[in-house]
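Trainee: I am new to this structure. Could you take me through it with a few questions and answers?

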Amino acid sequence: MKETVRTRRIRNLKTAWIEAGSEEGPILLFLHGYPDLPEIWRNQIEHFKNRFHIIAPYTRGAGPSEPASDISRYGQNSVALDLMHILKSVNPESKKRVYCIGHDLGAVQAWALAALLGKELSGLVIINGLSLTQMARRWNRPEQWARSWYIPIMLLPKVPELVGKLLPNDITALAYRLGGLKKDFRPQVKSPGQGVANPSKQYKALAQSLPEALTSSPSPIPCPLLVIFGNEDSFLANPTLDEIEPECPKATIRILKGNHWVHRENPDEVNRLMDQFFTEPGNS
Amino acid sequence: MKKDLQGFLESQSLAEKGAREVAGMVREGWTEIQAAKLLSTCLKDYGVKSFFHDAFAWFGERSGFIGMKTYGDFMPSKRVLRPGEVFILDIAPIFHGFVSDIGYTTSLGPNEELEKAKKFLARIKKDLPPLFVSGKSGAAIWKWVDSEIQEAGFTNAYKKYPFSVLGHRIHQASEKGSHLQVMRFGWQSLWTLVSRGLFPQLLTKRHEGELSGVWAIEPHLAGKDFGAKFEEILVVDKAGAYWLSEKKGEVLNA
């Protein structure tokens with residue numbers, strides 16, 4: 001199938017995703033983070049497209065995905081509902097295997113989706129990201145506080161949206177610079193800043209869900225989980241099995257040398273680990 | 001009394017749309033808490049800013065209120081849904097100032113007992129409206145439904161609602177102060193009922209007085225290990241008594 005950007009009206013909002021690869025193959029659902037676009041997954045799309053059906057949505061408010069006026073529409077539950085609709089659209093009879101891969105805030109969405117799909121999800125891959133519950137419970141880890149310095153800025157009323165509107169490409173470049181992603185590894189897109197202004201509302205939406213994340217105990221997800229983490233992440237401290245296992249008993253963590261965008265910096269190793277994960281007995 | 005029935009119909013249609021959408025997504029392994037949260041989120045995404053009551057979800061035997069004693073027992077729980085089990089989604093949004101209250105019953109896969117219960121409830125739904133204009137009292141209607149449920153071999157589950165209501169009136173309500181809820185009921189639910197004297201607003205086994213108005217009627221039965229209900233708006237006015245859903249496509253104004 002020729003790579004295409006599809007758009008559909010989902011729950012009253014125009015929603016877009018890149019679709020590519022083999023229609024006969026299992027689905028790989030790639031969820032990008034902030035301030036990225038689906039192009040951040042280019043190395044994975046090219047590697048897996050011959051064998052898998054690739055779906056890489058533009059998160060709410062990024063690129064052609066219509067922004068929402070309500071902050072709550074950027075929250076993990078609303079996004080999970082949108083993703084369920086996208087999956088229904090590409091896999092109407094739920095006959096295909098589905099794997100979900102999430103990075104950064106895309107990881108929050110991936111965890112939320114995994115909780116809804118249950119046994120229907122064949123595997124979850126998290127790259128330099130956490131669930132909302134895991135993030136909330138890091139309140140007592142000083143090494144995480146130091147890395148989360150930018151979050152209060154993202155929670156300011158109107159400021160991130162306004163700055164993101166005025167200087168989108170500069171904000172994207174700044175994020176990459178702070179995260180250690182050299183220019184050679186950055187996605188080559190015409191307007192890289194399309195993921196900046198409106199998607200910044202994700203932070204406010206997730207902050208609204210924090211009290212619930214702190215007090216609830218999510219049911220464990222039944223599918224296997226592969227966590228891939230670049231160990232020089234400026235924004236997230238390395239994960240531990242202790243913090244992940246309550247949400248997924250079948251978790252494996254692989255720490256690689258690399259930054260927050262390890263799948264851009266070290267795509268061969270990331271792709272190899274994912275290949276292995278997708279073909280492991282029990283996962284395939 | 002002049003009410004804009006179109007507003008109530010839109011509120012109810014939206015609630016039903018949300019319930020059907022979420023019911024279609026419910027999977028084995030979901031908890032009631034998850035289902036209720038998703039239903040609430042779904043309606044908020046469609047523009048609902050406030051609730052007469054927030055979402056409830058009851059799975060399996062809890063759909064018949066079996067073993068439930070205190071009000072706290074009715075809150076969405078960590079009960080997990082298993083294949084073949086019945087579940088109920090119940091939510092009451094305030095949409096553009098109009099309250100609706102719906103109950104949607106289905107199952108995760110085929111369930112013969114539920115199909116029998118649904119056939120019975122369909123008959124009750126057909127027989128109820130004429131009773132509201134027959135001269136019967138509200139109390140008599142309550143007892144009629146109760147007796148029909150028992151004769152059909154089920155148990156009356158609506159006895160376990162607060163005040164054992166078969167239904168309650170609904171009105172236009174404010175969308176402000178949406179976060180002020182007590183046990184999932186918005187402050188509006190208390191105000192719209194108490195400010196009008198409370199008991200005439202509730203269809204209980206002791207109800208007296210006139211029956212005209214806009215009601216949310218919710219016959220709820222229990223079988224051996226499940227329950228089933230429907231909940232819809234019934235209008236009683238000069239035109240008679242009718243389910244508001246039967247007026248879809250018409251321009252309404254009472």
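Trainee: How many disulfides does a search of the whole structure find over all chains?

Mentor: This is a predicted model. A disulfide needs two cysteine sulfur atoms within 2.5 Å. Over all chains, the search of the whole structure gives a count of zero.

Trainee: Is A:Cys248 buried or exposed?

Mentor: The cut-off for buried is under 20% relative accessible area. A:Cys248 has 0%, so the residue counts as buried.

Trainee: What is the area buried between chain A and chain B?

Mentor: Chain A brings 19 residues to the contact, and chain B brings 15 residues. Carbon and sulfur atoms give 49% of the buried area. The total is about 1,500 Å².

Trainee: Which residue of chain A forms a salt bridge with B:Asp45?

Mentor: Between chain A and chain B, the count is six salt bridges. In the one with B:Asp45, the closest N and O atoms are 2.7 Å apart. The partner is A:Arg11.

Trainee: Which element gives the most to the side of chain A that touches chain B?

Mentor: Two or more residues come from each of helix H2 (76-90) and helix H3 (105-117) of chain A. Five residues come from the element that gives the most, H2(A).

Technical notes: Residues numbered from 1 in each chain as written. Chains lettered and ligands numbered in written order. Predicted model: local features only at pLDDT ≥ 70, side-chain atom pairs only at ≥ 80, totals over all residues. Heavy atoms only, no water. Contact = heavy atoms within 4.5 Å. Buried area = accessible area lost by both parts, 1.4 Å probe. Salt bridge = Lys/Arg side-chain N within 4 Å of Asp/Glu carboxyl O. Helix = DSSP H or I, 4+ residues; strand = E, 2+ residues; numbered from the N terminus. Buried < 20%, exposed > 50% of the residue type's maximum accessible area, 1.4 Å probe, protein only.
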